[in-house]
Amino acid sequence: MIRMFQRHKVRNVEELDGYWNFEPSTAPAGQIPGAYGYKMLVPGVWESHPGFRTYRGRAFFERTLDCAADSAYRFVFKGVSHTATVYWDGREIGRHYNAFTPFAIVVPEVKAGAHQLVVEVDNSFGPHSALHQPNDYYTYGGLSRPVAMERIGAALIEGVWATPSQRGKLWQLHVRATVRNVDGRPYAGRLVLTVAGVEVAEEIRLRPHQAVTVERSLRLTDVTPWSPDTPVLYPLNATLFSDDGKPCDDLIERVGFREIRVKGREILLNRRQLKLRGFNRHEDTADFGCAVPLAVMQQDLDLMADMGANFVRTAHYPNDERFLDMCDERGFLVWEEHHARALMADTMKMKVFSKQVADCDREMVLNHFNHPAIIMWGVFNECESFSKLGLRHYEASIKRIRALDPSRPITAASCYPRQDLTLGLLDIIAFNRYPGWYWGSLDTLGAELDTLLEWISESGNGNKPFIMSEFGAGAIPGWRAARRTKWTEEYQADLLQASLDVYLYHPRVNGTAIWQYCDVRVAEEEWFKTRPRTMNNKGVVDEYRRPKLAYEVVKKCFQTAAMRKK
Ligand code: ADA
């Protein structure tokens, strides 16, 4: 399934999950194979197949589709890892870079009958890829998130974006909706927006291939606010009627009436102070890579909630929309960030860098805008925030994201105290620190934090909320030793106990995010020396979601803190 709720009642949608023909290729790009030797399940990654465990390169996925009627069709790809070139009956119709953001391609005037859809996928590293690099997480290969085929009319609702805000006891919902005429003829119709019993309509007149964005503000008097305790969601129905009165298209979004604000050193949700307790979570599983099955997404949230967490950081890229849907439904708070980990000047100077970052910013915000669970946007995890070059890129991304969504605070996790030049750009300050692991000892945690906070104040940013966005220790699953040294499960449990005892109760700490929820595969090309099992072993559960000793320690710490907050 492509989302956790029905998004269309008018638009005809065929989900293309299931078997696709598959063939790896070392031929020059664009040479579509004449035969396919394998079948692969979509969503999925080719590393799940015994023949492709470490395959890095290009491969082709192919499906023959039966188009029921003469019409325009729209192909939606929720995630292709990491670069897609799409062909329709052998003709290139579109390209997309980045495994972690969705894209769609419209093919006008398709004749009814059988047609061939081919996706050329490339997960190789090189000058064509600035964000997917050999990193402390793995870049898989495949159609790793769902794919769908939509039969569309002359015009379609391209997107609906809703921003709730409190007006005393009332709620205002500012709605933007973009309607596009995909036809070569003028279009005339009416757009009707309905939410929580309130309805507004707007006449639509479009020239051929023209798009228009409609903006309306609705006032709601009788809605239940969305919060972690009451994650109430309301369907927002957008329906496009043609002048003959028939529905031509529709799009259903879900709205949570909540407002997120930063006020001084506080993060406020519906004007109540938030204390965030949670994890950094990579999308990775032992057998399915980044194509995380729905059951594992649910298990991940069940286990994080069982440990008393209320918060997850999507390290280090936009997440699968079905996971974000689950967070909306459960009231689980999310720091979603664009795709970047430890990108330095050499990467920032790559020809493709600025466009790949800008595309990711725009696609992340425009596709994930309506998730009430997302309470902040993050940029540039541990990137070059200490140089003028880096500062320029931080400024560009933050300005771009704020223009697309002024309703959410923006943060960036840094690891460069005393050097970082970007804190003044941020609404929320966040640092990744590993005292007791990469340096220092367990009894220096508090002093280390105070020194960091002093510097943050000296930099003029002490009046902002602060999140400990990463801290943790590696533990080889199953390695137990009475000497409790590093890499044992005992040491990881000891470090997290010592860390949470400080961070959960420090008056300047608004949130804690353990690094990390589960063990994840890393790019062995570069990381095998410091990553036993070629895995990042700092998970509180391993890659099969088997709890380590630290699980019960974190559970006790988070649950105790949650009780004290009440
Ligand atoms: C950094 C980085 C994480 C991970 C972590 C670690 O803070 O942001 O992605 O690499 O270090 O495990 O060392």
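Is V121 buried or exposed in this structure? With a relative accessible area of 0%, V121 is buried, and the legends below, which describe a predicted model, return to this residue after an overview.

**Figure 1. Overview of the whole protein.**
In this predicted model, the secondary structure of the protein comprises nine helices together with 30 strands. The C-alpha trace extends over about 70 × 60 × 45 Å along its principal axes. The radius of gyration of the protein is 24 Å, which agrees with the value near 24 Å that a compact globule of 566 residues would have.

**Figure 2. The nonpolar cores, with F466 in close-up.**
The largest nonpolar core of the protein contains 97 residues, and F279 and F466 are the ones with the most contacts inside it. Apart from this core lies another one, made of 30 residues, among them F22, V42, Y73 and I105. When residues up to four places away in sequence are not counted, F466 touches I429, F431, L449, L452, L453 and I456, and also R508, V509, N510 and G511.

**Figure 3. V121 in strand β9.**
V121 belongs to strand β9, which covers residues 113-122. Its relative accessible area of 0% makes V121 a buried residue, because buried means under 20%. Leaving aside neighbours within four places in sequence, V121 is in contact with W46, with G57, R58, A59 and F61, with V80, S81, H82 and T83, and with G142 and L143. A29, which is 92 residues apart from V121 in sequence, is 9.8 Å apart from V121 in space, as given from C-alpha to C-alpha.

N135 is located in the loop between β9 and β10, the latter being residues 147-152. Although N135 sits in a loop, its relative accessible area is 4%, and N135 is buried. Without counting residues up to four places away in sequence, the residues that N135 touches are R341, V522, A523 and W527.

**Figure 4. W377 in strand β24.**
Strand β24, residues 374-378, is where W377 is found, and at 0% relative accessibility W377 counts as buried. Residues up to four places away in sequence being left out, W377 touches E336, M364, V365 and H368, as well as I401, D405, R408, P409, I410 and T411. Between the C-alpha atoms of W377 and Q31, which are 346 residues apart along the chain, the separation is 39 Å.

**Figure 5. Two cis peptide bonds.**
A315 and H316 are joined by a cis peptide bond whose omega is about -15 degrees. H316 has its place in the loop between β22 (311-313) and α2 (321-330). Another cis peptide bond, with omega of about 5 degrees, joins W515 and Q516, and Q516 is found in the loop between β28 (511-514) and β29 (520-521).

A196, although not a glycine, has a positive phi of about 50 degrees. The loop that holds A196 runs between β13 (187-195) and β14 (198-206), and with a relative accessible area of 34% A196 is partly exposed. R484, likewise a residue other than glycine, has a positive phi near 55 degrees. R484 lies in the loop between β27 (466-470) and α7 (489-503), and at 39% relative accessibility R484 counts as partly exposed.

**Figure 6. G256 in the loop between β17 and β18.**
At 5% relative accessibility, G256 counts as buried. Its contacts, neighbours within four places in sequence being left aside, are with P164, W226, V232, L233 and P372. K246 is ten residues apart from G256 in sequence, and the two are 30 Å apart in space from C-alpha to C-alpha.

Definitions and conventions
Residues numbered from 1 in each chain as written. Predicted model: local features only at pLDDT ≥ 70, side-chain atom pairs only at ≥ 80, totals over all residues. Heavy atoms only, no water. Helix = DSSP H or I, 4+ residues; strand = E, 2+ residues; numbered from the N terminus. Rg over C-alpha atoms; globule rule 2.2 N^0.38 Å. Core = buried A, V, L, I, M, F, W, Y, C linked by side-chain atoms within 4.5 Å. Buried < 20%, exposed > 50% of the residue type's maximum accessible area, 1.4 Å probe, protein only. Contact = heavy atoms within 4.5 Å.
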